[in-house]
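Please find below a short note on the model under review.

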Protein chains: 2
Amino acid sequence: MSVLHFNAFVMNTVSHIQHGQWRNPAARQDEFEDVQFWIDIVKTLERGRFDGVFFADVSGLYGPRDGDYEVYAQQGLQIPSNDPSVLLSALAVNTEHLGLAFTSSIVQEHPFNFARKISTLDHISKGRIAWNIVTGMQENGARNFGTDLAEHDARYDWADEYADVVYKLWEGSWDDTAVLADRERGVYADVRRIHKINHVGPRYSVEGPHLPSPSPQRTPVLYQAGGSARGRRFAAEHAEAVFIIAPSPEVAAEHISDTRRLAVEAGRKPEDIKFFQGLSFVTGETEEAARAAEAELEKYVSVEGYIAHGTIGVRADGTVYPPETKLKDIESNGSQGIIEWLAKSVPGEEPRLSDLATLLSRRGRVVGTPDQIADELERWQAAGVDGINVVNWHLPGSYDDFVDHIIPVLQQRGLAQREYTEGTLRKKLFGSDKLPDRHPAARFRGAFTPVTAAVVGG
Amino acid sequence: MSVLHFNAFVMNTVSHIQHGQWRNPAARQDEFEDVQFWIDIVKTLERGRFDGVFFADVSGLYGPRDGDYEVYAQQGLQIPSNDPSVLLSALAVNTEHLGLAFTSSIVQEHPFNFARKISTLDHISKGRIAWNIVTGMQENGARNFGTDLAEHDARYDWADEYADVVYKLWEGSWDDTAVLADRERGVYADVRRIHKINHVGPRYSVEGPHLPSPSPQRTPVLYQAGGSARGRRFAAEHAEAVFIIAPSPEVAAEHISDTRRLAVEAGRKPEDIKFFQGLSFVTGETEEAARAAEAELEKYVSVEGYIAHGTIGVRADGTVYPPETKLKDIESNGSQGIIEWLAKSVPGEEPRLSDLATLLSRRGRVVGTPDQIADELERWQAAGVDGINVVNWHLPGSYDDFVDHIIPVLQQRGLAQREYTEGTLRKKLFGSDKLPDRHPAARFRGAFTPVTAAVVGG
């Protein structure tokens, strides 16, 4: 048995996934604008030997275009939200090993600027940065950037070009030997080893060269979480860590083997991708104590928050149907699959929105003693899961609990690492600082090197 | 007599202004990729009660389009360079009072994303962020973002719209009272006080609302450094701190009174803008010791570096004319003013490129004992200068010297503050956290508030 990897899943906002919990007296996430709040959390995570902290993000409001957004404001549901990327250097200098991952959408930043930001952060953190590639799915998010939301598959074509541009900058623009820093000769860098990329594509023209020198990982560790067929193909081609929220280990196993098969078809190896299952945890010294803690959390569940986040119960004008509304009475496209899922989950009754909210709030929830939780994690590991994306109920309490009570038991069972290995995040996860040659980014290594001067000179 | 303000002028690169000095045995700026290098510097600056650290930046290479860039790589002349903005949170958590200013060009980032970044940093730093607005002037910088360099005045029109968008987001999108964080009622924020901006202009369409809640300063302190007529008008309308490099206190006085006059024409007050003169310092216990220290610095002056940065000695193919070239033999547009300046400065000879480099390396250089330097600063203050932008020779030595040897004398004379005042950067500089009502950003306060519900409801 090998250890599982652990990521903490958070967002630089009030209410990320478990809506209503900010009202819990134990919750401090309404302090998210204070950097010290985050520093305390990452120190806890590092004490617990977590592999990384992973910031979700958005580019705009949830809900329909031109819709009312009262429910999102009221719930603090991903608004207000702050830029996670500029928070990371403060966290980097307060940790030594923890991976620092954040989400950035192709809509929100030009790839030339984005690539530079990543390289700078990778230098600052000595190689601990990961990027969760997202294509954006919010109408308002697109309109904040002067565009309408592109059709789903077209967004992935856009993402393919975006990835090409940043790969060219990270992997191809500077040779490993470009920086000499030779004080005697007065040569800081050798221009023959710094290349323009001259990218011209459907959406971007980028001349280069990349402004930063090569950072420890060059390309950051690549995260992806798309569940659609096209998203899964993108993940199979590009991702090194895939985040799933499977309803059971069996479904996870299916997703994992399918994506690994696609990765092999794309010329990669099955072990080039690690799969993280999203789960949340409620624990106690006894099962009864854990159930009591769960009942305490249930008090703060906001049915309206889960409905609004799920979008299925949101009207075209942005308002939310009442919780008692039967799902069959909702005019909403694409809800058939969810209705079927609910029908299976709420047998003998016509499912209502409140049932959906309850199910969403319970999705991936594991309740029990640390030993019971360890048993459950073994089941996920047996299904092929490489790591757990630990969703929090409230901050910082959920990670305090996990680190103080659950991690020690996992360490005793050999399910969690006791010490960090040295080196970059990719080195810790895959044994190497750089992407393997079979990754699509690697084809740009050396791709912009001109014919050598010796040959040109004759 | 009042105190002068002090900014440290730096860049996240090897060779910013004083080229060749990275080869100086005392220089450590080739460690710029290491965050600890910067943390040490900002702690020194805060010990010396500096008002701020100010990061310059670029979006691409210097030199002509499609030109060779060997000299820039060789000199480390602003390449490699890293993103300053993502460095700031690490510096914020290692200081308490120091202002944190950085340059960001309108070409490099969409204003929606940029405004969010600034608000996040302003939250993190508790109101210590300043933004140096630049329009970008590099052909390569424009082509890294898929565009050709816009004509000079057109860039300022673009900057006007860019400023409007970010002002709308910072000042108009959220009312002061929008965040309630009311756990009892379960209301985090009041949607009636969070407004879409629906900006539509020649270049940008931005729906909003702004994602972050109001930060301590809302709009960051606004820096500007443009010297052209159009740039000066932009500064007069928008800037709170203007950075000049005048050849003498008399010229500074002229520039300052002209810009203040333009500011008054734009509806602002003369004291709404503080002027910082860029100077560098070489000191010693005696004048002889200072001259010896200067001679040591002179050893590392790179003539080629100053020529390449000045651009006047750069051929259309990007290569640099030899230092002994006479200026009259250079085919370069727009050099007439510089030739006249040199003719005045190098009397009786035909000026050569090496003369230009020498003059550039000596521009704004003040050499002497701390008392002599204090005398010189009094002359600048008498001309109306509010502060000094302290250019470094090498890092961290130039600021160690300034803080350890010059600041104490300035403090004794009442020319430098002994303690910080509390509060945000704007509060420290102007006595108020927010921009005054007469600033153009202020016109967006309340501009997006709909007719109140009471009125609508009848």
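The points that follow take up the relation of the chains, a helix pair, the nonpolar core and some backbone features.

1. The structure is a predicted model, and the remarks below should be read accordingly.

2. Symmetry. Chain A is superposed on chain B by a rotation of 180° with 0.0 Å of shift along its axis, at an RMSD of 0.0 Å. The two copies are thus related as by a two-fold rotation axis. Within chain A, Ala90(A) has the C-alpha nearest this axis, at 1.9 Å from it.

3. Interface. Of the interface residues of chain A, 100% are interface residues in chain B as well, so the copies meet through the same surface.

4. Helix packing in chain B. Helix H10 (residues 303-310) packs on helix H12 (residues 353-362) at an angle of about 85°, and their axes lie 9 Å apart. Because angles of 65 to 115 degrees count as roughly perpendicular, H10(B) is classed as roughly perpendicular to H12(B). On the side of H10(B), the contact is made by Val303(B), Tyr306(B) and Ile307(B); H12(B) contributes Leu353(B), Ser354(B), Ala357(B), Leu360(B) and Ser361(B).

5. Nonpolar core. The largest nonpolar core comprises 284 residues, and Phe50(A) and Phe50(B) have the most contacts inside it. Beyond its neighbours within four places in sequence, Phe50(A) touches residues that include Phe6(A), Leu45(A), Leu98(A), Val390(A) and Tyr399(A).

6. Cis peptide bonds in chain B. The bond from Ile79(B) to Pro80(B) is cis, with omega near -5°; Pro80(B) belongs to the loop between helix H2 (70-75) and helix H3 (88-92). A cis bond also runs from Leu395(B) to Pro396(B), with omega near 0°. Pro396(B) lies in the loop between strand S13 (387-391) and helix H14 (397-412).

7. Positive phi values. Asp66(A), a residue other than glycine, has a positive phi near 60°. Asp66(A) sits in the loop between strand S2 (52-56) and helix H2 (70-75) of chain A, and is exposed, with a relative accessible area of 57%. Ala181(B), likewise not a glycine, has a positive phi of about 50°. Ala181(B) is placed in strand S5 (residues 179-182) of chain B and is partly exposed, at a relative accessible area of 29%.

Methods:
Residues numbered from 1 in each chain as written. Chains lettered and ligands numbered in written order. Predicted model: local features only at pLDDT ≥ 70, side-chain atom pairs only at ≥ 80, totals over all residues. Heavy atoms only, no water. Least-squares fit on C-alpha atoms with pLDDT ≥ 70 in both. Contact = heavy atoms within 4.5 Å. Axes fitted to C-alpha atoms, helices over the stretch in contact; angles between N-to-C directions. Helix = DSSP H or I, 4+ residues; strand = E, 2+ residues; numbered from the N terminus. Parallel < 35°, antiparallel > 145°, perpendicular 65-115°, else oblique. Core = buried A, V, L, I, M, F, W, Y, C linked by side-chain atoms within 4.5 Å. Buried < 20%, exposed > 50% of the residue type's maximum accessible area, 1.4 Å probe, protein only.
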